[in-house]
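I opened this entry to keep track of what I looked up, in the order I looked it up. The structure comes first, then my notes.

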Amino acid sequence: MSEKLETLSNRWNNLRKILERPGPFSHPDFEPSLEIINFLMNTCKILVIGAGGLGCELLKDLALMGFRDIHVIDMDTIEISNLNRQFLFRHKDIGFPKAEVAAKFVNSRVKGCQVTAYFKKIQDFDANFYRQFHIIVCGLDSIVARRWINGMLISMLNYNDDVLDQSSIIPLIDGGTEGFKGNARVILPGMTACVECTLDLYPPQVTYPLCTIANTPRLPEHCIEYVKVVQWPKENPWGTALDGDDPHHINWVHEKSLERAQQFNITGVTYRLVQGVVKNIIPAVASTNAVIAAICATEVFKLATSCYVPLNNFLVFNDVDGIYTYTYESEKKENCLACSQIPQTVVIKDPEEAKLKDLIQILQEDSRYQMRSPGLITTIDGKNRTLYISSIKSIEERTRENLNKTLSELGLKEGCEVAVSDITSPNTVIIRLHFQTTDVEMKKLIN
Ligand SMILES: [Zn+2]
């Protein structure tokens, strides 16, 4: 059957009902036409990032919605623990790349659909690669990866005299789940709130202060964490690192955690919780993934066809107890690290006191930045100067001594700019240092 005829076959009748006639919920500007389904099936190019819990659902949903040119990136291989929900994978697939197995499965199951797989990291591709897609949809469990692709799409925007060139926008649809909770959002880079605009929604990963877990544990997690970070290294029962997938290891940690919990009258240490704390995971729930992926795929469909008004722009979903969803418009942050084009001012109390490592700590711990291992370069007296970079061993060794120097010792002056690079973004961020002592001096001068 020729392509044209196939588009008209009964198989896609459900799509044609939506795209070839208006409905009460259609977009006000929607013009039904035969051409839309043709675009969807033969032209529209979609990138799915992640072929895990959400990714499998997304690929299935998109393929069954008629999208045929789908690309998928995933850097992971299949593990046995994936099989309960990542339904494109079978036992025989364990050890093989998720992207490739998922693509093969969908291609063989949905006639005419062509999924192209990339067993790679998103960082392995540049703007030229990402520019070829009409829409990008993410099913990731990593905040770093989300931030990186967000930064990439923002860096691809074109501005003519400060006016955003709309044709340079690639919509990003982002789904995320955590246990029985999930969210889905639509990001039009440069126009609506981006991942960094709402960075404070992702609190830094929970870590427990060592003094609490050692001296004043209050939660079952504190007891488990104590066994994990203190008792295991000390007693090292198997002579190896703690392996969260080894039931003997988990049993050992479970027993010791129970003993410790008893000492402090704490209840709630269970095998499952031990597993969760040791592996630092929240169990994935198949139904949550299915709902969030379906919402994301629907948004892809809406944007690709313009038939309905897209989600505006952040939906939260929760089925811990019954089902609850709520949608609100998250707002663009005026001085967003990624999308505002406004230099970031980092306030430092006193450059005579503050050391370079304190500045780095601000960049890592402040909820606005949440960087992982920032590298810092500046210009002093017209010369480029590397302050600190941890990712390249030789440079790290050479610049390590700077960490304990104060900002004054390093020659950093009020208002100076520092270029910061980090794995959370493909782009360098410029920060401007502002020393509060200058305010004090100014006040003294005025008074
Ligand atoms: Zn932003």
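I began with a pair of strands: Leu315 has Thr327 of strand 10 as its bridge partner. Strands here are DSSP runs of E with at least two residues, helices are runs of H or I with at least four, and both are numbered from the N terminus. Two strands count as paired if DSSP finds at least two bridges between them.

Before going on I noted what I am looking at. This is a predicted model, in which local features need pLDDT of at least 70 and side-chain atom pairs count only at pLDDT 80 or more, while totals for chains, interfaces and linings use all residues. Residues are numbered from 1 along each chain as its sequence is written, and side-chain values use heavy atoms, with hydrogens and water left out.

**First sheet**

What does strand 9 (residues 314–318) pair with besides that? I found strand 8 (residues 181–187), which runs antiparallel to strand 9 and is joined to it by five bridges. Ala184 has Leu315 of strand 9 as its bridge partner, and Arg185 stands opposite Phe314.

Within it, strand 14 (residues 417–421) and strand 15 (residues 429–435) run antiparallel and are joined by four bridges. Glu417 has Arg432 of strand 15 as its bridge partner.

**Zinc site**

Which residues coordinate the zinc ion? I listed Cys194, Cys197, Cys336 and Cys339, each through SG, at 2.2 to 2.3 Å. Donors are N, O and S atoms within 2.8 Å of the metal (3.2 Å for Na, K and Ca), and sites may look incomplete because water is not among the atoms. In sequence the donor residues are spaced C-x2-C-x138-C-x2-C. The angles among the four donor atoms are 100 to 117 degrees, and the site is tetrahedral (four donors with all angles between 85 and 135 degrees). Cys336 and Cys339 are both buried (under 20% relative accessible area; exposed is over 50%, partly exposed in between, with a 1.4 Å probe and protein chains only).

**Records and domains**

I checked UniProt, where an unreviewed entry places "active site" at Cys211; such annotations may be inferred rather than shown by experiment. Cys211 lies in helix 8 (residues 210–215). Is Cys211 buried or exposed? Cys211 is exposed, because its relative accessible area is 51%.

UniProt also lists residues 348–436 as "domain: E2 binding", again in an unreviewed entry. The end C-alpha atoms of that span lie 6 Å apart.

Technical notes: Tetrahedral: all angles 85-135°; square planar, octahedral: opposite > 155°, others 65-115°.
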